[in-house]
Amino acid sequence: SVYTRLDHREFRLLVPLPSKSSTSPIECRLRIVSPEGGLQYEALSYVEGDVAKIGTVASNGQRASVSLPLENYLRQLSTGPQEVDALCINQAELRETQHQVFIMVSIYSHASNIITWLGAELDFSRLAMEYICGFEDIPDSAQSVTSNLFSMSTATLFLRPWFCRF
């Protein structure tokens, strides 16, 4: 199995391995750590999406199926150690899954950064993010001109599955 048994406070981090090209299979290894270990890592928050659309990742030398949004994230942005539930938790082991959910607050609170993956860029999402990030820099006189475009692009962004998951 790709998974080894975890102790009470341990969890796994996904460590991406260098890729030969943008079309090469994604490869990673899983590393067992504890929250107090002092290791810098990021935690990923995302939505699985359409489970009928499947991608593939090689984890510890074994192939694993992942959602297409996760495969896209790993291909585009993944660089350092990360807690990625779909791969770091043995989903086939109910007891482990329950325990990992129980310690998730600790895992996320010890992360150096939490990444929210909203999905690949589309539907003016770049415009919405640029506008949101630079809103205070837009002069009052220009805000009314850009507000309609901002409203459309931002509304589209906030309709993405990550915002509608609860």
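Me: Why are Glu71 and Arg75 separated by about one helical turn?

Reply: In this predicted model, Glu71 and Arg75 are separated by about one helical turn because they stand four residues apart in helix α1 (residues 68-76).

Me: What makes the pair of Glu71 and Arg75 a salt bridge?

Reply: The rule asks for a side-chain nitrogen of Lys or Arg within 4 Å of a carboxyl oxygen of Asp or Glu. The closest N and O atoms of Glu71 and Arg75 are 3.8 Å apart, so the pair is called a salt bridge.

Me: How do you know whether Glu71 is buried or exposed?

Reply: Buried means under 20% relative accessible area. Glu71 has 14% relative accessibility, and therefore counts as buried. Arg75 has a relative accessible area of 34%, so it is partly exposed.

Me: Which residue forms a salt bridge with Glu96?

Reply: Glu96 forms a salt bridge with Arg12, their closest N and O atoms being 2.5 Å apart. This pair links distant parts of the chain, since Glu96 is in helix α3 and Arg12 in strand β1 (residues 11-16), 84 residues apart. By this rule, the count of salt bridges comes to two.

Me: Why is Glu96 called buried?

Reply: Glu96 has a relative accessible area of 13%, so it is called buried, the limit being under 20%. Both Glu96 and Arg12 are buried.

Note on methods:
Residues are numbered from 1 along each chain as its sequence is written. This is a predicted model: local features need pLDDT of at least 70, side-chain atom pairs count only at pLDDT 80 or more; totals for chains, interfaces and linings use all residues. Side-chain values use heavy atoms; hydrogens and water are left out. Buried means under 20% relative accessible area, exposed over 50%, partly exposed in between (1.4 Å probe, protein chains only). Helices (H or I, at least four residues) and strands (E, at least two) are DSSP runs, numbered from the N terminus.
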